[in-house]
Amino acid sequence: HDGLGFAPHMSTVQNHSTALCGVTYYAANQYPKAYHGKLFLGDVVFNRMNAYRLDWTGTTPKAIMEDFITCSDPWFRPVDIKLGPDGCLYVADFYNRIIGHYEVSLDHPGRDRDKGRIWRIVYRGKDWRAGDVSPLVPQPVTNLARADVKALVAAIGHVNLSVRLQAADQLVERGGNEAVQSLLPTVKDVADAGNGAQKMHALWVLERLGKLDDETLARASSAKEKEVRVHAQRILTEKKTWTPKYAAMAKLGLLDADPFVQRVSLEALSAHPAADQVVAILAHRHTVAAADSHMTYAVRAALRDHLRSLKTWDALGIAGWSEKDHRAVADVCLGIHNEASAEYLKMYLSRFDEPGERTKTLVHYIVRRGAEGASAWAVQFALQKYASAKAMQATLVKTIMQANQERGGTLTGADRIAFEAM
């Protein structure tokens with residue numbers, strides 16, 4: 001990894017292979033509510049499709065695998081899955097005896113080259129409950145490529161995500177000014193409760209057409225519907241030009257009661273780094289629960305992205321920072337890779353204590369990424385900080401020499417004398 005660490009897991013390999021294909025999120029109503037919001041993946045090695053229930057801690061999902069389709073046919077290879085406009089899942093089945101790459105010769109006669117299957121998975125059960133479509137049957141499909149603007153505007157509020165996305169694309173591709181005018185009534189009350197899905201897609205269509213005004217976006221950023229606020233921040237993330245008004249909207253998102261809005265606000269700020277945003281990100285860092293690993297990663301990434309710019313370091317006013325602030329910044333420095341972060345870590349290690357292994361890691365970074373003379377600083381740090389801990393001094397000598405070699409440097413005569421003294 002880049003020094004920040006790998007992104008957190010949402011599932012670990014247990015009763016499935018690592019050859020998972022065609023992840024699809026179920027957002028429709030042909031299946032009962034028990035399936036809504038689940039992920040579906042194909043497992044081509046074990047000849048099955050798995051469903052994954054998502055248990056959320058803040059913005060962090062834990063995927064719990066459940067059986068969905070098992071098959072005794074060893075040629076069943078579900079390589080892709082799509083949600084259809086009728087609410088059914090469609091599965092592309094490679095249907096092949098051999099799925100390996102070079103484990104088996106490419107001209108092996110067992111490789112099938114002309115067969116494949118597409119499965120349509122329809123729910124036929126009778127255990128529907130109140131609130132489900134009754135009966136649970138595949139929904140009628142409208143050819144959106146031939147639908148007029150009025151029908152497309154209605155379709156972006158459809159219960160099926162696949163339909164909404166297709167309708168939005170059609171409005172962008174051929175709607176023109178008629179589409180813009182037809183969407184204005186939808187976004188006029190964008191801040192009010194109700195029709196969240198339709199409103200969020202309307203915002204995106206207008207943005208993609210270059211017709212979303214800042215006033216509407218500002219109202220969307222504080223809307224009553226969570227998904228509208230989330231996608232207002234998503235739109236901010238995609239902005240090519242960043243303004244103080246946009247920054248204010250993103251910072252407002254950090255204070256939102258909903259953790260998903262907070263997380264996408266971090267992504268919006270991260271996409272447009274500026275020194276005056278660091279304080280707000282640091283403040284949010286201190287509020288994140290340790291159990292919400294995805295939010296923790298997002299806020300750490302936002303800090304890293306801001307501190308990659310030397311201009312940001314020059315503009316930081318660290319005099320009033322708390323120890324928690326300093327520790328939060330030091331926590332991400334290994335992912336920054338510039339001299340300014342190495343200089344900061346010199347100050348940090350001089351003021352704050354860290355465990356031995358962490359100190360070794362930070363000293364390595366300072367020498368590896370710092371300016372000329374970083375080795376000399378590290379030697380003096382080891383001599384003074386660990387004057388009575390010879391074993392730690394020896395560890396740091398090895399660390400300094402290794403980091404110096406990695407940066408292509410050579411030790412000065414003074415450094416060698418200091419090493420010999422230790």
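Trainee: Which residue is the bridge partner of Trp56 in β4?
Mentor: Pro61. Keep in mind that we're looking at a predicted model.

Trainee: OK. How do β3 and β4 pair, parallel or antiparallel?
Mentor: Antiparallel, over ten bridges, with β4 covering residues 60-70. The two strands make a hairpin with two residues between them. Gly58 sits in that turn and has a positive phi of about 65°.

Trainee: Switching to pockets: how much space lies in the largest one?
Mentor: About 1,000 Å³.

Trainee: And which residues lie nearest its centre?
Mentor: Trp56 again, along with Tyr25, Lys226, His231 and Phe260. The whole lining of the largest pocket has 29 residues.

Trainee: Which elements give two or more residues to that lining?
Mentor: Strands β1 (20-25) and β3 (48-57), plus helices α2 (161-174), α4 (196-208), α6 (226-237) and α8 (259-271). α6 gives the most, with five residues.

Trainee: What's the lining like by class?
Mentor: 17 nonpolar, six polar and six charged residues.

Trainee: Now the packing. Which residues touch the most other members in the largest nonpolar core?
Mentor: Trp313, Tyr344 and Leu345, out of 85 residues in that core. Helix α10 (residues 293-307) supplies the largest share of this core, seven residues.

Trainee: What does Trp313 touch, leaving out residues up to four places away in sequence?
Mentor: Leu307, Val329, Cys333, Ile336, Asn338, Ala340, Ser341 and Tyr344.

How values were computed
Residues numbered from 1 in each chain as written. Predicted model: local features only at pLDDT ≥ 70, side-chain atom pairs only at ≥ 80, totals over all residues. Heavy atoms only, no water. 1 Å grid on protein atoms, 1.4 Å probe; cavity = no way out; pocket = protein on both sides within 12 Å on 5 of 7 lines; lining within 4 Å. Points joined across faces, edges and corners; volume = space filled by probe spheres on them. Helix = DSSP H or I, 4+ residues; strand = E, 2+ residues; numbered from the N terminus. Nonpolar A, V, L, I, M, F, W, Y, C, P; charged D, E, K, R; others polar. Pairing = 2+ DSSP bridges. Core = buried A, V, L, I, M, F, W, Y, C linked by side-chain atoms within 4.5 Å. Buried < 20%, exposed > 50% of the residue type's maximum accessible area, 1.4 Å probe, protein only. Contact = heavy atoms within 4.5 Å.
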